[in-house]
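User: I am new to this structure and would like a close look at one part of it. Please keep the account plain and connected.

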Amino acid sequence: TQLKYTVQFENTGNDTAHNIFVMDTLSDGLDIHSFEMVMASNTMFVTKLKDAAGHNVLKFDFPNINLLDTSHHGKCDGAFIYNIKTKAGLPYGTSIANRAGIYFDINPVVMTNGVDNSIGCPILTVDNAPISKFDIFPNPANDVLNITTTDGSFNTYTITNSVSKTMISEKLTQSQTQVNIKSLPAGLYFVNLKGEQGSVVWKFVKL
């Protein structure tokens with residue numbers, strides 16, 4: 001299973017942040033060798049480290065980023081995205097937790113929110129009934145987000161932002177739906193599909 005992590009940061013101070021780095025201690029259930037960068041908003045260097053307990057740590061370093069202060073709206077934030085796979089053979093129910101620390105110059109660390117994924121068991125069919133399939137792409141997305149579902153498995157979708165505010169909510173009328181997201185601000189969003197099969201939430205990034 002491949003996981004995608006997005007870390008966003010913002011200079012909320014009243015002076016330029018000259019150097020920023022992020023320390024991300026990885027769960028023991030993640031395979032450090034599968035790590036791959038997807039994007040970074042600024043010049044960045046990645047270092048793989050070990051902490052005192054032997055856990056893998058990723059350091060994302062933005063030297064001389066010179067991030068402007070909070071009065072410069074739209075020019076005081078940054079982000080990066082990376083992919084990493086879980087280790088093979090993890091038992092069902094294994095929790096994969098992640099939380100990163102952001103360091104602005106000599107200021108105290110700022111911790112991100114925590115995210116938690118669980119290794120689930122396979123979905124079984126009953127009396128040869130089809131398994132519901134769904135997907136969203138591209139991810140990250142820019143102008144259009146495609147939602148594909150097994151016909152009739154889900155009938156509505158809702159897109160919410162990172163603070164659970166509903167941005168778009170419509171009915172699904174076909175197996176592939178194109179959603180115009182051009183007007184959404186850049187950031188992290190969630191697609192909630194609902195129908196007779198229950199509900200499922202999918203995360204995506206708007207560029």
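What share of the contacts in the protein with a separation of 6 or more comes from residues 24 or more positions apart? After that, please look closely at the aromatic pairs and at what surrounds them.

Analyst: The share is 63%, where contact means heavy atoms within 4.5 Å. This is a predicted model, in which local features need pLDDT of at least 70, side-chain atom pairs count only at pLDDT 80 or more, and totals for chains, interfaces and linings use all residues. Residues are numbered from 1 along each chain as its sequence is written, and side-chain values use heavy atoms, with hydrogens and water left out.

The protein has 0 helices and 17 strands; these are DSSP runs numbered from the N terminus, with helices (H or I) of at least four residues and strands (E) of at least two. Its C-alpha atoms fill a box of roughly 60 × 40 × 20 Å along the principal axes. Of its 207 residues, 35% count as buried, on a scale where buried is under 20% relative accessible area, exposed is over 50% and partly exposed is in between, using a 1.4 Å probe and protein chains only.

Now the rings. Those of Phe, Tyr and Trp (its six-membered ring) pair if their centres lie within 6.5 Å; planes under 30 degrees apart are stacked, over 60 edge-to-face, and the rest tilted. The count by this rule is 10 aromatic pairs. One of them joins Phe 9 and Phe 104 edge-to-face, at 6.5 Å between centres and 75 degrees between planes. Phe 9 belongs to strand β1 (residues 2-10) and Phe 104 to strand β8 (residues 100-104), 95 residues apart. Both Phe 9 and Phe 104 are buried.

Another pair, Phe 21 with Tyr 103, is stacked, at 4.6 Å centre to centre and 10 degrees between the planes. Phe 21 is in strand β2 (residues 20-25) and Tyr 103 in strand β8, so this pair ties together parts 82 residues apart in sequence. Phe 21 counts as partly exposed because its relative accessibility is 23%, and Tyr 103 is partly exposed at 27%. Lys 59 lies over the face of Phe 21, 4.7 Å from the ring centre; the rule asks for NZ of Lys or CZ of Arg within 6 Å of the ring centre and within 35 degrees of the ring normal.

Ring pairs also link Tyr 5, Phe 9, Phe 35, Phe 60, Phe 62, Phe 80, Tyr 82 and Phe 104 into a cluster. Tyr 5 has Tyr 82 as its bridge partner in β6. Strands β1 and β6 (residues 77-86) run antiparallel and are joined by 9 bridges; strands pair if DSSP finds at least two bridges between them. Both belong to an open sheet of 3 strands in the order β1-β6-β3, paired antiparallel. β1 and β3 (30-40) are the edges, each with a single partner strand, so one side of each has no neighbour in the sheet. The twist averages 25 degrees from one strand to the next.

Technical notes:
Axes fitted to C-alpha atoms, helices over the stretch in contact; angles between N-to-C directions.
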